[in-house]
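Dear colleague,

Please find the structure below, handed over for your own work.

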Amino acid sequence: MSDVEVVGVAVAIPEPHASVLAKWRRELGDPAADLVYPHVTLLPPTPVAADSMDEVQAHLADAAANHRPFVMHLSGTGTFRPTSPVVFIQVATGVADCEQLERAIRRGPLARELDFPYHPHVTVAQDIEETALDEAYEGLAGFVARFPVDRFGLFSRAAGGRWTWCKEFELGAPPAG
């Protein structure tokens with residue numbers, strides 16, 4: 001049996017917004033604060049055979065090539081409570097773009113079932129005390145960011161749970177080769 005890598009695909013939140021969100025997550029005591037860069041997930045953690053990474057990257061390049069850049073607007077907070085102890089920043093504009101990318105990505109070598117229906121968002125607090133979740137929900141309620149999205153990234157989970165970026169895929173760019 002070949003080795004398995006756990007990968008994910010996401011839109012990274014650009015600076016200065018990423019630092020603001022990471023600081024909040026860290027100050028709230030979220031254990032994932034220094035393991036996960038602020039992002040909007042397009043493919044959640046997914047195990048793949050290490051020897052299939054070339055196929056995965058070709059698939060992602062094709063998905064990116066077939067989608068145009070778009071503007072993402074983040075605004076205010078939301079929560080998945082009581083189903084899941086998560087507070088997030090809402091995607092106000094760019095939802096349909098993220099949904100289209102997610103469907104294109106979660107095919108072929110990355111086909112998988114989801115535990116919950118896809119809902120683009122930026123997690124800012126997870127699996128922490130209720131009072132800290134409330135603090136994130138209230139404290140970031142006025143958060144607003146608007147930025148162009150012209151790429152997404154493939155990342156992998158290292159030992160210890162830290163996520164590292166592997167490669168970026170430019171939207172609207174023809175695949176190399």
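Proline 16 sits in the loop between strand E1 (4-12) and helix H1 (17-27); helices (H or I, at least four residues) and strands (E, at least two) are DSSP runs, numbered from the N terminus. Glutamate 15 and proline 16 are joined by a cis peptide bond, with omega at about 5 degrees.

On conventions, this is a predicted model, in which local features need pLDDT of at least 70 and side-chain atom pairs count only at pLDDT 80 or more, while totals for chains, interfaces and linings use all residues. Residues are numbered from 1 along each chain as its sequence is written, and side-chain values use heavy atoms, with hydrogens and water left out.

Further backbone geometry

A cis peptide bond also joins arginine 81 and proline 82, with omega about 5 degrees. Proline 82 belongs to the loop between E3 and E4. Aspartate 127, in the loop between strand E5 (121-126) and helix H4 (130-139), has a phi near 55 degrees, a positive value in a residue other than glycine. Aspartate 127 counts as exposed, at 53% relative accessibility; here buried means under 20% relative accessible area, exposed over 50%, and partly exposed in between (1.4 Å probe, protein chains only).

Cysteines

A search of the whole structure returns zero disulfides, a disulfide being a pair of cysteine sulfur atoms within 2.5 Å. The sulfur of cysteine 98 has its closest cysteine sulfur in cysteine 166, 20 Å away, which is too far for a bond. Cysteine 98 is buried at 0% relative accessibility, whereas cysteine 166 is partly exposed at 40%.

Nonpolar cores

A nonpolar core is a set of buried Ala, Val, Leu, Ile, Met, Phe, Trp, Tyr and Cys residues joined through side-chain atoms within 4.5 Å. The largest one holds 45 residues, of which Val40, Leu42, Leu60, Met72, Leu74, Ile105 and Phe152 touch the most other members. Helix H2 (residues 53-65) gives the most to this core, contributing six residues. A second, separate core has five residues, including Ala10, Val36, Phe155 and Trp163.

As for contacts (heavy atoms within 4.5 Å), valine 40 touches, beyond residues up to four places away in sequence, a set that includes Val9, Met72, Cys98 and Tyr118.

Aromatic pairs

The whole structure contains four aromatic pairs. Rings of Phe, Tyr and Trp (its six-membered ring) pair if their centres lie within 6.5 Å; planes under 30 degrees apart count as stacked, over 60 as edge-to-face and the rest as tilted. In one of these pairs, the ring centres of phenylalanine 155 and tryptophan 165 are 5.5 Å apart and the planes are at 65 degrees, so the pair is edge-to-face. This pair links distant parts of the chain, with phenylalanine 155 in strand E7 (residues 151-157) and tryptophan 165 in strand E8 (residues 163-170), ten residues apart. Phenylalanine 155 is buried, at 8%, while tryptophan 165 is partly exposed, at 37%. Phe155, Trp163 and Trp165 form one aromatic cluster.

Strands E3 and E6

Strand E3 (residues 70-79) and E6 run antiparallel and are joined by six bridges; two strands pair if DSSP finds at least two bridges between them. Leucine 74 has alanine 145 as its bridge partner in E6. The covered face of strand E6 (residues 144-149) consists of Ala145, Phe147 and Val149, and its uncovered face of Val144, Arg146 and Pro148.

Histidine 39 is located in strand E2 and is buried, with a relative accessible area of 15%. A polar atom of the histidine 39 side chain lies 2.7 Å from the backbone oxygen of tyrosine 37, and the side chain of histidine 39 also makes a polar contact of 3.0 Å with that of threonine 41. Threonine 46, in strand E2 (residues 39-49), is buried at 4% relative accessibility. The side chains of threonine 46 and arginine 112 are joined by a polar contact of 3.1 Å.

Yours sincerely

Definitions and conventions. Polar contact = N/O pair within 3.5 Å; in protein donor to acceptor, adjacent residues only side chain to side chain.
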